[in-house]
Each structure stands twice: as C-alpha cells, then as structure tokens.
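Here is a short report on one protein structure.

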Amino acid sequence: MSNPYLDLTEEFHRGRLRVLLSSGQAVVVHRLAIMSKDGDWILREQQSAIDHVLAVLESHGAHYRFGAPLALPWLAGGWSSHFEFAQGSMRIRTDFVSRPPRIGSSELAAMWNSAERTGSAVVGIVPLARIKLTNRDKDYAVVGEIARLMRDPADQLRFSRSARDLIELARAHPDLLTATALERPTLAAVSLGREALEEALDRERRVLMRTSEERLQRYQQAAAAWAAVWTDVAREVQGWPLRRAHEHVVQRATALLPTAVEPTP
C-alpha cells in the first residue's frame, strides 16, 4: 500500500524542492518504524512555497486545524501550522514548520543544501535525531535507534541512548570522547561504569524533556487568546476552499496571535 505522506511530499516539491519530510514519517523512510499517523514537513520560508503547499492541500479538500496560519510571520517565529483532510477512509493530518525546534540556522541551511545536492526530500538522520529530542518519552528510544544508523562515531557519541554502545564507542575512539564530552556533559559518566552512565542518561533525558515541554508551554500561553476564538473561526470558514479560508484565518489571527514568542528569562 502506498504511503499518502510520501505521495504528498512529491506533490509539495513537484518542479522544485519546497519541503523536507520530517519527524515520524522520516523515521518510517529510514526504516525505523512501520508507520506514523500524521505527516510533518519543514517548509521553505518563501511565499511561493507557501502558495504551492496551500494549493496542493486545497486540491485535497483540506481544512485548518488549530495552530498558526501558514504564513511567513508566524513561520519565522517558530510556530507550526496544521491541516487535515479525508482520503477514503483515512484521515490525513499535515503539520508544517519552517524553523524546527532544536535546529539552528546554520544546520537548517546545511539541511537544505544537502537536500538540493542529493535530491532527497527527507530529513537526514543527524538532524532527525535532534528534532526527536522532544517531551515524549517514547521518542528517546527512536533517537537511540537513529544513532545506530549514523556513520560518524562523533555523531553516535552525541546522540546514542545506550550506555553499552557509548562505552564501546569510548573504548574505540577515546580522542572523540574527550572532544564530544564538551558538547554532551553526560559523556563524563562513561568512565564511571555502565550503571552510573545509565543514571546520567536518564537525568539527561528528563532535562531534555523538560526543556521541550517548557518551550511548548510558552507557545501555548502565547496562543491563549487565539485558542479562545478558534472554534468560532473554524465555524466561520467551514466549507470554504482552503485558500479563501486561509486569508480569513490570517486576518483573524493578526490581532490575537503574536508572531514571536520570547524565551523564558
């Protein structure tokens, strides 16, 4: 059976690379999962890319779900946009960002350059591991499996979730361990043995999850006024073609949803 999210990816970048398939569906493509229930894409931060994606979604009868408008000001502020449509008996959910969390501007530029060079519209395994450092406990097992696909031992040291694997890597690459420990302090526990390292990995996971949760809470708080009127907005545009609905959603969100969310001091 074909994957509708891969089919959508082809539609989104027909004629030009406009999106990178990310998160759960990228994990599927890298053969670390059988399926994922929705689709996530990183979108080029360009009006032409937005227009194309909206046109594709409209052709499928998509409508907005709660989130930010798919528009440059909100994309640049790190917001995500969400849509849904029916395909036979399936409910297709699509999510878009242009600046994914935990990915810096230089890494994001490198991701697009790599995609242009290789022709691949799927997020590579190293940035994918960073993206999956979420507030969801189950994602850390995924990150550990992603790390085992990495070719560079330094990258494996940065992302592995296995104490046993890290001890083996440290034994084989002691010079890399010293350098990488500056980026990942948890690696200092390698010399203390497996039990101490497992405890350090658990503490690291909890900190990463809290950091992700705190980021999401900032966006949820910033969206409170928008959330309060969303049911009315959705009702106002019900049945409209997506691009007409999009214009109305942007107009309504402009006064209620800030484009930038400041980090907690």
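## A charge over a ring

A charge sits over a ring if NZ of Lys or CZ of Arg is within 6 Å of the ring centre and within 35 degrees of the ring normal. This model is predicted. In it, the charged end of Arg244 sits over the ring of Trp240. The distance to the ring centre is 3.8 Å.

## Aromatic pairs

The structure holds 9 aromatic pairs. Take Trp41 and Phe96: their ring centres are 5.4 Å apart and their planes meet at 20°, so this pair is stacked. Trp41 belongs to strand S2 and Phe96 to strand S5, so the pair ties together parts 55 residues apart in sequence. Both residues are buried.

Trp79 and Tyr219 also pair, but edge-to-face. Their centres are 4.8 Å apart, with 85° between the planes. This pair links distant parts of the chain, 140 residues apart. Trp79 is in the loop between helix H4 (72-76) and strand S4 (81-87), while Tyr219 is in helix H11. Trp79 and Tyr219 are both buried.

Ring pairs also build a cluster. Its members are Tyr5, Phe12, Trp41, Tyr64, Phe83 and Phe96.

## The largest pocket

The largest pocket holds about 1400 Å³ of space. It is lined by 45 residues. Closest to its centre are Asp40, His82, Asp95, Arg136 and Leu216.

Which elements each supply at least two residues of the lining? They are helix H2 (23-29), strand S2 (39-43), strand S5 (90-97), helix H7 (138-149) and helix H11 (194-222). By class, the lining has 20 nonpolar, 12 polar and 13 charged residues.

Note on methods:
Residues are numbered from 1 along each chain as its sequence is written. This is a predicted model: local features need pLDDT of at least 70, side-chain atom pairs count only at pLDDT 80 or more; totals for chains, interfaces and linings use all residues. Side-chain values use heavy atoms; hydrogens and water are left out. On a 1 Å grid over the protein atoms alone, a cavity is a set of points where a 1.4 Å probe fits but cannot get out, and a pocket is an open set with protein on both sides within 12 Å along at least five of seven lines; lining residues have an atom within 4 Å of a point. Grid points are joined across faces, edges and corners, and a volume is the space filled by probe spheres set on the points. Helices (H or I, at least four residues) and strands (E, at least two) are DSSP runs, numbered from the N terminus. Ala, Val, Leu, Ile, Met, Phe, Trp, Tyr, Cys and Pro count as nonpolar, Asp, Glu, Lys and Arg as charged, and the others, Gly among them, as polar. Rings of Phe, Tyr and Trp (its six-membered ring) pair if their centres lie within 6.5 Å; planes under 30 degrees apart count as stacked, over 60 as edge-to-face and the rest as tilted. Buried means under 20% relative accessible area, exposed over 50%, partly exposed in between (1.4 Å probe, protein chains only).
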